[in-house]
Amino acid sequence: MHRKAIVFFVFLLIDVHTGMGVQLSHSAALARLQGAGISLSSTGNCSNRNNRLCTSLENIRSETIDWLIHFKQTNNCPFVVTGGTETGHGRRTGVDSHWGGYKVDLRFNSCLNQFIERGSRTGQNSYFRYIGTSSYGPRYRSGSGAILLKESNHWDALWPANPVVNWGG
Ligand SMILES: [Zn+2]
């Protein structure tokens with residue numbers, strides 16, 4: 001019993017320090033999303049993460065999937081994932097990147113757009129706050145620490161390695 005506790009503690013330390021968590025296969029992640037009413041779309045109708053025309057969930061972090069399903073449950077808007085862990089989302093590959101399993105892209109729809117944007121700049125939104133505009137577009141942070149970046153034609157949705165909760169003041 002004592003030895004098991006020590007092994008578990010060491011595992012926790014390793015997990016925290018690498019920030020990797022559990023990574024899922026494409027099919028396992030897709031099954032979880034579909035079970036929650038979230039669909040996936042790809043330009044090339046494929047899931048090879050080495051092809052930028054595909055939409056892949058291979059190696060996505062389970063925390064990212066957990067968050068996405070929870071997000072869907074908070075608003076029940078249409079959720080269509082148009083980008084995942086495939087190549088082609090800039091050069092970054094590590095923590096907080098698409099390739100690293102921290103991000104998905106979501107198709108615009110009025111339900112989702114309004115849910116994130118309405119009242120975000122005035123603090124009237126119970127879920128999101130506007131946190132400034134980057135060169136890619138305006139950014140919003142949820143109370144749980146997710147960051148939603150409104151790009152030209154989709155939401156870039158990040159579940160960070162170290163989420164800042166309650167908008168960080
Ligand atoms: Zn993106």
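**Close-up views of a predicted model**

**View 1. Valine 81 stands opposite leucine 106 in E5**. Strand E4 (80-83) and strand E5 (103-107) run antiparallel and are joined by two bridges. Strands (E, at least two residues) and helices (H or I, at least four) are DSSP runs, numbered from the N terminus. Two strands pair if DSSP finds at least two bridges between them. This is a predicted model: local features need pLDDT of at least 70, side-chain atom pairs count only at pLDDT 80 or more, and totals for chains, interfaces and linings use all residues. Residues are numbered from 1 along each chain as its sequence is written.

**View 2. E5 pairs with strand E9 (residues 154-158)**. The sense is antiparallel, over five bridges. Arginine 107 stands opposite histidine 154 in E9. E5 is mostly covered, with four of its five residues buried. A residue is buried if 20 or more other C-beta atoms lie within 10 Å of its own, exposed if 12 or fewer, and partly exposed in between; C-beta atoms are placed from the backbone.

**View 3. Helix H2 (residues 26-35) and its buried residues**. His26, Ala29, Leu30 and Leu33 are the buried residues of H2. They sit on the same side of H2, because they cover an arc of only 100° around the axis. The arc is that of the directions from the helix axis to the C-beta atoms. Their cover includes strand E1 (23-24), E2, E3, helix H3 (62-75) and E4. Contact here means C-beta atoms, placed from the backbone, within 7 Å. Exposed Ser27 and Gly35 lie on the face of H2 turned away from its buried side. Just after H2 comes glycine 37, with a positive phi of about 85°.

**View 4. Asparagine 45 in the loop between strand E2 (39-40) and strand E3 (60-61)**. Phi of asparagine 45 is positive, about 55°, although this residue is not a glycine. Is asparagine 45 buried or exposed? Asparagine 45 counts as exposed, because it has 9 C-beta neighbours inside 10 Å.

**View 5. Aspartate 96 in the loop between E4 and E5**. Aspartate 96 is a residue other than glycine, yet its phi is positive, near 70°. Aspartate 96 has 16 C-beta neighbours inside 10 Å and therefore counts as partly exposed.

Note on methods: Two residues are in contact if their C-beta atoms, placed from the backbone, lie within 7 Å.
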